[in-house]
Amino acid sequence: MYGGHITDDWDRRLCRTYLEEYIQAEMLEGEILLAPGFQIPPNLDYKGYHEYIDKNLPPESPCLYGLHPNAETGFLTATSEMLFRTVLEMQPKETGSGAGGTGVSREEKVKAMLEEILEKIPETFNMAEITAKAAEKTPYVVVAFQECERMNVLTDEMRRSLKELNLGLKGELTITTDMEDLSTALFYDTVPDTWVARAYPSRMGLAAWYADLLLRIRELEAWTMDFTLPTTVWLAGFFNPQSFLTAIMQSTARKNEWPLDKMCLSVEVTKKNREDMTAPPREGSYVYGLFMEGARWDAQTGVIAEARLKELTPAMPVIFIKAIPVDRMETKNIYECPLYKTRIRGPTYVWTFNLKTKEKAAKWILAAVALLLQA
């Protein structure tokens, strides 16, 4: 219509579904609703169609496009957060007492944040020790190595930049542009760009991001103690969740001597939470920490269900993931659900999980239903 090309497969699926839902033979008989409360117009001329639309089209809302009303709530929340952050950043950069007479200067706040981060940040992983501990380099052990190495790169940069800024604030080094940028990020509770470049996608503020980082390090420390796979794995805790999901397939392929290119992942949503799990499965893995956007998971019936109002990203129960041959994959009553790292979606795509549905998949495609690793 606009001369553009669809380059994203998920956009292509969405547009194809819109066409399949709306371009039907029933259109000619005027029996189809183009949107809730909007009957297809009778046979009119060009001017007549315009008048019909002006008179009958309901007010714009997510429901017109097949989305849940929560989509508007999410959009307005994100817009208001951006507005308030912009207003905050436009305030004059005071060097004396902070706004509101708190008596804390900008420099003091930055120093306090800097010291708190440096104090809590754990030591880097000793890769030589960790490598020596691993008796056998299984696919899971390789994932653990890669995650530790990437964590070291991030924490090394955090330490280096914070120590450099500390010296700058004491007057022992000249303040550079990078140090100024780091200071601004600490003041406004945003993750500095040099850290973002070495980290994983996240939409959190600095304080929440740092607490999340410490949890990830703790999970890695527990895993590298003896390389026993945890009972339930926090999938969001990886820099590269794809590598862990691929390791599930590689382990099963080696065990059963199956060709890797003829395998896929089977996903079964359990009725349990992380606390209820007592032992890991014999094959595959239990994962937790996923959220659903655009709908919710009904644990009683074991299918995707309509979202509840104001519950934007309800948590998923523990999910059992195992590898199976492609020809054993279920294809009936299934919604191919994309999994993303954050609500930004797009480049944060991880995998596609097949989830059970009693309603036709088109409903969830138009509702933009996806799984997220971060709410």
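This is a predicted model: local features need pLDDT of at least 70, side-chain atom pairs count only at pLDDT 80 or more; totals for chains, interfaces and linings use all residues.
## A guided tour of the model

Residues are numbered from 1 along each chain as its sequence is written, and side-chain values use heavy atoms, with hydrogens and water left out.

Next, colour by pLDDT (the predictor's confidence in each residue, from 0 to 100). The average is 90, and 96% of the residues score at least 70. Select residues 96-101 to see a stretch below 50, which has 9 contacts in the model beyond near neighbours in sequence (a contact is heavy atoms within 4.5 Å).

Switch to cartoon and you will find 11 helices and 12 strands (DSSP runs numbered from the N terminus: helices are H or I, at least four residues; strands are E, at least two).

Now go inside. Select Trp209 and Phe244, which touch the most other members of the 82-residue largest nonpolar core. Such a core is a set of buried Ala, Val, Leu, Ile, Met, Phe, Trp, Tyr and Cys residues joined through side-chain atoms within 4.5 Å; buried means under 20% relative accessible area, exposed over 50%, and partly exposed in between (1.4 Å probe, protein chains only). Helix α6 (residues 139-170) gives the largest share of this core, 12 residues. Around Phe244, leaving aside neighbours within four places in sequence, look for contacts including Tyr140, Trp223, Leu235 and Val287.

Move on to helix α9 (residues 206-226), where Arg216 and Asp212 sit 4 residues apart, about one turn of the helix. They form a salt bridge, with the closest N and O atoms 2.8 Å apart (a side-chain nitrogen of Lys or Arg within 4 Å of a carboxyl oxygen of Asp or Glu). Arg216 and Asp212 are both buried.

Then pick Arg274 and Glu219, a salt bridge with its closest N and O atoms 3.9 Å apart. Arg274 lies in the loop between β4 (263-269) and β5 (285-288), and Glu219 in helix α9, 55 residues apart. Arg274 is partly exposed at 39% relative accessible area, and Glu219 is partly exposed at 28%.

For a last stop, select Glu293 and Arg343, whose side chains meet in a salt bridge (2.9 Å, N to O). Glu293 is in strand β6 (residues 291-293) and Arg343 in the loop between β10 (334-340) and β11 (349-356), so the pair ties together parts 50 residues apart in sequence.
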